[in-house]
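Here is a short report on helix packing and salt bridges. The sequence and model come first.

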Amino acid sequence: MNANQLINMAIRMIMRRGINAGINRGIDMASRGGKRPEDMTAEEREAAANNHDNAHGARRGLNIARRFMR
């Protein structure tokens, strides 16, 4: 493995982590409706938690489907 391949591999790993973190942060924000948990009622927090769990399950399902499609 030469230096160029190592550099490309490291850059890809860093980019993947950054992109995944951004996507997860955006999904969390959308599940809360853009509100902070402190500003929400108990019912809204419960609904946001359910939305978060549904989004998590959808992401896992997509990853499993992607794995089977290879």
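A salt bridge is a side-chain nitrogen of Lys or Arg within 4 Å of a carboxyl oxygen of Asp or Glu. This is a predicted model: local features need pLDDT of at least 70, side-chain atom pairs count only at pLDDT 80 or more, and totals for chains, interfaces and linings use all residues. Residues are numbered from 1 along each chain as its sequence is written, and side-chain values use heavy atoms, leaving out hydrogens and water.

The structure holds three salt bridges:

| Salt bridge | N to O distance |
|---|---|
| Glu 44 and Lys 35 | 2.9 Å |
| Arg 36 and Glu 38 | 3.7 Å |
| Asp 39 and Arg 36 | 3.3 Å |

Shared partners join Arg 36, Glu 38 and Asp 39 into one network.

Accessibility comes next. Buried means under 20% relative accessible area, exposed over 50%, and partly exposed in between (1.4 Å probe, protein chains only). Glu 44 is partly exposed at 30%. Lys 35 is partly exposed at 36%. Asp 39 is partly exposed at 48%. Glu 38 counts as exposed at 61%.

Now the helices, which are DSSP runs (H or I, at least four residues) numbered from the N terminus. H1 spans residues 3-31 and H2 residues 42-68. They pack at about 145°, with axes 8 Å apart. Axes are lines fitted to C-alpha atoms over the stretch in contact, and angles run from 0 to 180 degrees between N-to-C directions. Contact means heavy atoms within 4.5 Å. H1 contributes Asn 24, Ile 27, Asp 28 and Ser 31 to the contact. H2 contributes Ala 48, Asn 51, His 52, Ala 55 and Arg 59.

Conventions
Helices (H or I, at least four residues) and strands (E, at least two) are DSSP runs, numbered from the N terminus.
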